[in-house]
Amino acid sequence: MFEERLLQLERQQLVRRLRVFNSEPGPLVTTEGRQVILMASNNYLGLATHPALKQAAIAATEKFGVGSGAARLVSGTLPPHEELESALARFKGTEAALVFSSGYLANIGLIPALIGSGGLILADRLCHASLIDGCRLSGAEFRVYRHRDVAHLQRLLSHRSSRRQTLIVTDGVFSMDGDVAPLPELLDLADRFDAWLLVDDAHGTGVMGANGRGTLEHFGIEERLPFHMGTLGKAIGTSGAYVAGPASLIRYLLNTARSFIYTTAPPPATAAASVAALDLLRTEPDRRARLWENRHHLHAGLMGLGYKTTDSQSPILPVLIGDPKKAVAMASRLMELGVYAPAIRPPTVPKETSRIRITVTSDHTQQQLNSVLAALKTTGHELALI
Ligand SMILES: *Cc1c(COP(=O)(O)O)cnc(C)c1O
């Protein structure tokens with residue numbers, strides 16, 4: 001029965017499989033016996049392999065053990081968790097912060113804690129799947145507005161009954177397109193229509209803004225937004241997620257967010273490494289500078305080759321292909337040429353927008369990026385894409 005269902009996926013070129021990477025996450029990795037340039041990691045600042053993070057993780061493991069042994073509210077809260085939450089609140093300039101085991105868990109806990117049946121959620125059509133799942137779980141009425149379309153959102157807001165509790169949901173940086181939500185305009189609408197705005201800054205944290213505080217810093221609107229969430233598994237280089245906001249919200253969430261309450265606390269090593277990473281955002285700003293230099297170099301190269309991309313304003317640089325078969329062919333040809341950049345297909349992205357999703361990090365060398373561009377030129381000609 002499952003074979004049958006798998007065959008169906010196979011016919012649509014939609015079967016995925018796991019690939020093992022037998023090395024640190026980039027920029028050079030070994031997979032299936034070959035060394036390739038990794039263009040698929042969200043480890044934007046190279047922090048996942050930073051000696052300071054490894055040291056912090058080892059020290060916390062020596063002191064507190066490998067597992068935290070229980071949920072946070074039972075006996076799983078250890079000093080590294082408290083330190084991380086204070087460090088996050090300082091970093092974000094909020095009263096408090098709450099750490100979840102992953103971004104997925106944060107979103108499916110946070111949204112139902114904010115709003116329930118009777119409420120209305122309006123979400124960007126390209127929101128991350130974890131936000132969509134959180135919206136569905138909440139029991140609120142859930143509608144999508146066209147991607148980054150402020151006028152569409154305004155129409156939806158003006159048609160609802162004004163007494164209805166309303167939550168607007170968006171990514172800060174969109175994970176598959178690399179473009180940025182029009183946050184100042186969304187915030188204006190939220191204020192005008194008395195709605196809340198939830199920003200998921202998974203890909204903005206550590207990357208966007210002069211100090212890496214994220215997409216809110218990028219737009220200069222940190223003071224205007226009382227709370228938001230972000231993750232630790234991308235630029236921060238560890239894993240987990242946070243909600244930063246007023247102390248009352250944080251206390252409310254730790255009493256009501258089911259994905260916080262009913263799950264084992266993150267390992268102390270992960271929390272301690274995250275604290276070290278937040279320090280490095282401040283003490284090693286050159287990492288962010290190199291990331292943006294690399295991003296501009298690769299973006300200019302893609303444009304020069306004549307590739308179609310999105311309105312990306314981040315280190316996520318999608319090469320738009322359209323047909324999933326062609327995207328898969330391109331990814332496997334790139335692999336032969338020593339570049340790993342995966343084909344992203346539906347349901348992760350809308351139909352007809354299959355793509356090669358390229359991400360660049362601070363640790364890529366110019367020489368590596370030039371090899372990537374050369375491989376993209378070869379494959380693009382072979383597949384008649386450019
Ligand atoms: C990656 C991502 C998540 C999920 O975070 P995890 O910590 O990997 O579970 C949530 N939202 C967005 C926008 C993401 O890109």
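A residue counts as buried when its relative accessible area is under 20%, as exposed when that area is over 50%, and as partly exposed in between. Asp179, at 3% relative accessibility, therefore falls in the buried class. The model on screen is predicted, and the stops below use these classes.

**Stop 1: Asp179 and Arg148**

Select Asp179 and Arg148 and display their side chains. They form a salt bridge, with an N to O distance of 3.3 Å. The two partners come from distant parts of the chain, 31 residues apart. Asp179 belongs to the loop that runs between strand 6 (166-171) and helix 8 (183-192). Arg148 sits in the loop between strand 5 (141-145) and helix 7 (150-158). Arg148 is partly exposed, because its relative accessibility is 26%, whereas Asp179 is buried at 3%.

**Stop 2: Arg224 and Asp191**

Next select Arg224 and Asp191. Their side chains make a salt bridge at 3.2 Å, N to O. Arg224 is in the loop between helix 9 (215-219) and strand 8 (228-231) while Asp191 is in helix 8, so this bridge ties together parts that are 33 residues apart in sequence. With a relative accessible area of 38%, Arg224 is partly exposed. Asp191 has 51% relative accessibility and so counts as exposed.

**Stop 3: Arg213 and Glu217**

Move to Arg213 and Glu217, where the side chains meet in a salt bridge with 3.6 Å from N to O. Arg213 is partly exposed at 25% relative accessibility. Glu217 is buried, its relative accessible area being 11%.

**Stop 4: a salt-bridge network**

Select Arg17, Arg19 and Glu32 together. These residues are linked in a network of salt bridges. How many salt bridges does a search of the whole structure find? The search returns 19.

**Stop 5: Ser68**

Now centre on Ser68, in the loop between helix 2 (51-64) and helix 3 (72-76). Is Ser68 buried or exposed? Its relative accessible area is 9%, so Ser68 is buried. To see what else is around Ser68, leave aside the neighbours within four places in sequence and display its contacts. Those contacts include Ser75, Gly76, Leu78 and His81. Thr264, Ala265, Pro266, Pro267 and Pro268 are also in contact with Ser68.

**Stop 6: the ligand**

Finish at the ligand and select its shell. There are 14 residues around the ligand, and the closest are Gly103, Tyr104, Asp200, His203 and Lys234. By class, the shell holds nine polar, three charged and two nonpolar residues. Which helix gives the most to the shell around the ligand? Helix 5 (residues 103-114) does, with three residues.

Then display the distances to oxygen atoms of the ligand. On the backbone side, an N or O atom of Tyr104 is 2.9 Å from a ligand oxygen. For His203 the atom is an N or O of the side chain, and the distance to a ligand oxygen is 2.9 Å. An N or O atom in the side chain of Lys234 lies 2.7 Å from an oxygen atom of the ligand. Taken alone, the ligand exposes 380 Å², of which the protein buries 82%.

Conventions: Residues numbered from 1 in each chain as written. Predicted model: local features only at pLDDT ≥ 70, side-chain atom pairs only at ≥ 80, totals over all residues. Heavy atoms only, no water. Near = heavy atom within 4 Å. Polar contact = N/O pair within 3.5 Å; in protein donor to acceptor, adjacent residues only side chain to side chain. Areas by Shrake-Rupley, 256 points an atom, 1.4 Å probe, with all protein chains shown as cover. Helix = DSSP H or I, 4+ residues; strand = E, 2+ residues; numbered from the N terminus. Nonpolar A, V, L, I, M, F, W, Y, C, P; charged D, E, K, R; others polar. Buried < 20%, exposed > 50% of the residue type's maximum accessible area, 1.4 Å probe, protein only. Contact = heavy atoms within 4.5 Å. Salt bridge = Lys/Arg side-chain N within 4 Å of Asp/Glu carboxyl O.
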